[in-house]
Each structure stands twice: as C-alpha cells, then as structure tokens.
Amino acid sequence: MRHFIQGRLPKQIHTLFSGLDYYFHDIKNDILSMKCVMHERPFPRFHLYIRRFENGTELDLHIDQEHPHKNGNHEEEWAYEGPIIKKELKRILKHITYLREQPVAFTMQSKKSFFKILMSR
C-alpha cells in the first residue's frame, strides 16, 4: 500500500521509524527498505520502502509472509492491501503526525569554548 506524505518528515528517517520498531534492511536505487517483525520469529514481517522526493516522502508498505527465496508472497494482493496493512499504515501516519505537532527544541551553540566562557566571568 502506497502513501505520499507532503513536506519534510519531523525527524531523520532511521530515528523516526526506529520509534515504530522498524529497522534498516537495505538501500537500492535511492529507496530505503526497512522491516518490522510482527512476532519473535523473522516472518511474517512488515516491509516498508521509503522514497524521498523534493516535495515529500513516499511510503510503500507490504507484508512478507515468508522469505522471498521460499516462495515469497510478493505476487499476492493481500500482501499489499487489506485491514492489517491499513492498520499498520495508520499507526505509522499517527506517529508522524504526533511528532510533527511536538514543539521543536533549539539549543544555542556558543562559539567560545567552555574554558573561555568560564574565565570571562
């Protein structure tokens, strides 16, 4: 299931999605791939492709029922649509919306070293 998010994401991609238990999987052709296991075993799992554009980010989510080398399910429609995928995408979008609504904390960096600041008092 694909979804396009307008604008910038509220955090770096790895930080944002690690908060949702997604972990780096691969990068091919400027498309980041992350995975999230549903249980203690490696499969089934959510597989998320993230592609950045100038005006936003595209998410492409599906389920890997088993390892692709063992008759994977990439040809199956249910792996890309349905209530489980919709629920997970809703969870991701809710997390992104929540982070966008949080105030941004800025810290001022002094050009002086700590020692110079201490000695100037």
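## Briefing: His-62, aromatic pairs and model confidence

His-62 is located in strand 5, which spans residues 56-64. The structure is a predicted model, and the protein chain has a mean pLDDT of 83, with 75% of its residues at 70 or more.

**Confidence**
- Among the elements of the protein chain, strand 1 (residues 2-6) has the highest mean pLDDT, 95, and helix 3 (residues 114-119) has the lowest, 58.
- Where pLDDT is low, the predicted coordinates should not be read in detail.

**His-62**
- With a relative accessible area of 1%, His-62 is buried, because buried residues are those under 20%.
- A polar contact of 3.0 Å joins the side chain of His-62 to the side chain of Asp-64.

**Aromatic pairs**
- The count of aromatic pairs comes to two.
- One of them is formed by Phe-4 and Phe-53, a tilted pair with 6.1 Å from centre to centre and 50 degrees between the planes.
- Phe-4 belongs to strand 1 and Phe-53 to strand 4 (residues 45-53), so this pair ties together parts that are 49 residues apart in sequence.
- Phe-4 is partly exposed at 32% relative accessibility, and Phe-53 is partly exposed with a relative accessible area of 38%.
- Phe-17 and Tyr-22 form an edge-to-face pair, with 6.2 Å from centre to centre and 75 degrees between the planes.
- Phe-17 is buried, its relative accessible area being 0%, and Tyr-22 is buried at 1%.

Technical notes:
Residues numbered from 1 in each chain as written. Predicted model: local features only at pLDDT ≥ 70, side-chain atom pairs only at ≥ 80, totals over all residues. Heavy atoms only, no water. Helix = DSSP H or I, 4+ residues; strand = E, 2+ residues; numbered from the N terminus. Buried < 20%, exposed > 50% of the residue type's maximum accessible area, 1.4 Å probe, protein only. Polar contact = N/O pair within 3.5 Å; in protein donor to acceptor, adjacent residues only side chain to side chain. pLDDT = per-residue confidence, 0-100. Phe/Tyr/Trp six-rings, centres within 6.5 Å; stacked < 30°, edge-to-face > 60°.
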